[in-house]
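Okay, thanks for coming, everyone.

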Amino acid sequence: MTVSSYPSTPTTGHLFGLGVGPGDPELITVKSLRVLQSCPVVAYFAAAKRESNARRVVSGYLSSDQCELRLTYPITTEAVPHGRTYDGMLAEFYDASAQQVAEVLDRGCDVAVLCEGDPFFYGSYMYLHSRLAHRYPTEVVPGVTSILAGAAVIGEPLVSRDEELTVLSGVLPIDELEARLRRSDAAVVMKLGRNLAKVRTAIERAGLLGRAHYVERATTADQRILPLAEVDAATVPYFSLVVIPSDTARSR
């Protein structure tokens, strides 16, 4: 079914940003599932020639009556074309994606935009939200984040009592990573992939390598958990993280 097959209505549709959880289809919330199955149009981001992670999570919940709107990134890890910038290409892509979704909303169709984890926690949905939420009725449904899934699968508390949790991006410079890790009671480092070797060096310098767990595709059938010291940096995908849990919670 296509979007154009739905009759237009005098009112605009509702935009929903749906967090679908970290990967296990059973970790989608009851509310997200209800909204998902009530929306005639389901949109999701995906890399070129690859399945959308968010769509994979909910594939068993979709019906043949729903229209799917795939929003394909122009670039992910490829080399940036000469004369262009990565940020510029993505800004243009999000502008165009927002326009595609707006055209559906203007027909009166509700749109559920899927987001792995939580829409406002490193989620691509936020870029549509900033472009559309002031124009259409909008609701964001939070989801289980990868950092909470990571703690659950390693079976260790992240933080307790008055401890602080630091969430870091692996793209940070190595000296900045080390400095922030030294100040942290517990930490999670995201966006690994090609940044793994740098991240591991920063963690080792901060004296935390013995507490660091590598978690890949948490809660899915492809889940992989290893001590960070044992991970081959060449095998690390982008959707992985390092969890450095509380050092004191277990003894309290």
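So, to start: in what order do the 5 strands of the open sheet with mixed pairing come? Keep in mind as you look that this is a predicted model. The order is 6-7-10-8-9. At the edges you find strand 6, residues 165-169, and strand 9, residues 224-227. Each of those has a single partner strand, so one side of each is left without a neighbour in the sheet. Going from one strand to the next, the twist averages 20°.

Let me zoom in on one pair there. If you want a landmark, look for His 213, which stands opposite Pro 227 in strand 9.

Let's go through some of the pairings. Strand 1, residues 15-19, pairs with strand 5 in the parallel sense over 4 bridges, and Gly 17 has Val 140 as its bridge partner in strand 5. Strand 1 also pairs with strand 4, again parallel, this time over 5 bridges. There, Leu 18 stands opposite Leu 114 of strand 4. Strand 4 pairs with strand 2 as well, in the parallel sense over 3 bridges, and Val 42 has Ala 112 as its bridge partner in strand 4.

How many of its 5 residues are buried? That would be 5 of 5, so to speak a mostly covered strand. In a regular strand, side chains alternate between the two faces of the sheet. Here both faces of strand 4 are covered: Val 111, Val 113 and Cys 115 are buried on one side, and Ala 112 and Leu 114 are buried on the other.

What packs on this sheet?

The axes of helix 3 (residues 86-106) and helix 4 (residues 125-132) come within 9 Å and cross at roughly 65°, and the crossing is right-handed. On the helix 3 side, the contact is made by Ala 91, Tyr 94, Asp 95, Ser 97, Ala 98, Val 101 and Ala 102, and on the helix 4 side by Tyr 127, Leu 128, Arg 131 and Leu 132. By class that gives 8 nonpolar, 1 polar and 2 charged residues.

I'd like to pick out Ser 97 from that list. Is Ser 97 buried or exposed? Its relative accessible area is 1%, and the cut-off for buried is under 20%, so Ser 97 is buried. Leaving aside residues up to four places away in sequence, Ser 97 touches Phe 45, Leu 71 and Leu 128.

Next, another helix pair. The axes of helix 6 (residues 174-182) and helix 7 (residues 196-205) come within 8 Å and cross at roughly 40°, so the two helices are oblique to each other. The crossing of helix 6 and helix 7 is right-handed. Among the contact residues are Ile 174, Leu 177 and Leu 181 of helix 6, and Val 199, Ala 202 and Ile 203 of helix 7. The whole contact divides into 6 nonpolar, 1 polar and 5 charged residues.

Arg 161 isn't a glycine, yet it has a positive phi of about 50°. You'll find Arg 161 in the loop between helix 5 (146-154) and strand 6, and at 75% relative accessibility it counts as exposed. The other one is Lys 191, again not a glycine, with a positive phi near 55°. Lys 191 is in the loop between strand 7 (186-190) and helix 7, and it is partly exposed, with a relative accessible area of 21%.

That's my tour, so over to you for questions.

Note on methods:
Residues numbered from 1 in each chain as written. Predicted model: local features only at pLDDT ≥ 70, side-chain atom pairs only at ≥ 80, totals over all residues. Heavy atoms only, no water. Axes fitted to C-alpha atoms, helices over the stretch in contact; angles between N-to-C directions. Parallel < 35°, antiparallel > 145°, perpendicular 65-115°, else oblique. Left-handed = near helix turned anticlockwise from the far one by under 90°. Contact = heavy atoms within 4.5 Å. Nonpolar A, V, L, I, M, F, W, Y, C, P; charged D, E, K, R; others polar. Pairing = 2+ DSSP bridges. Buried < 20%, exposed > 50% of the residue type's maximum accessible area, 1.4 Å probe, protein only.
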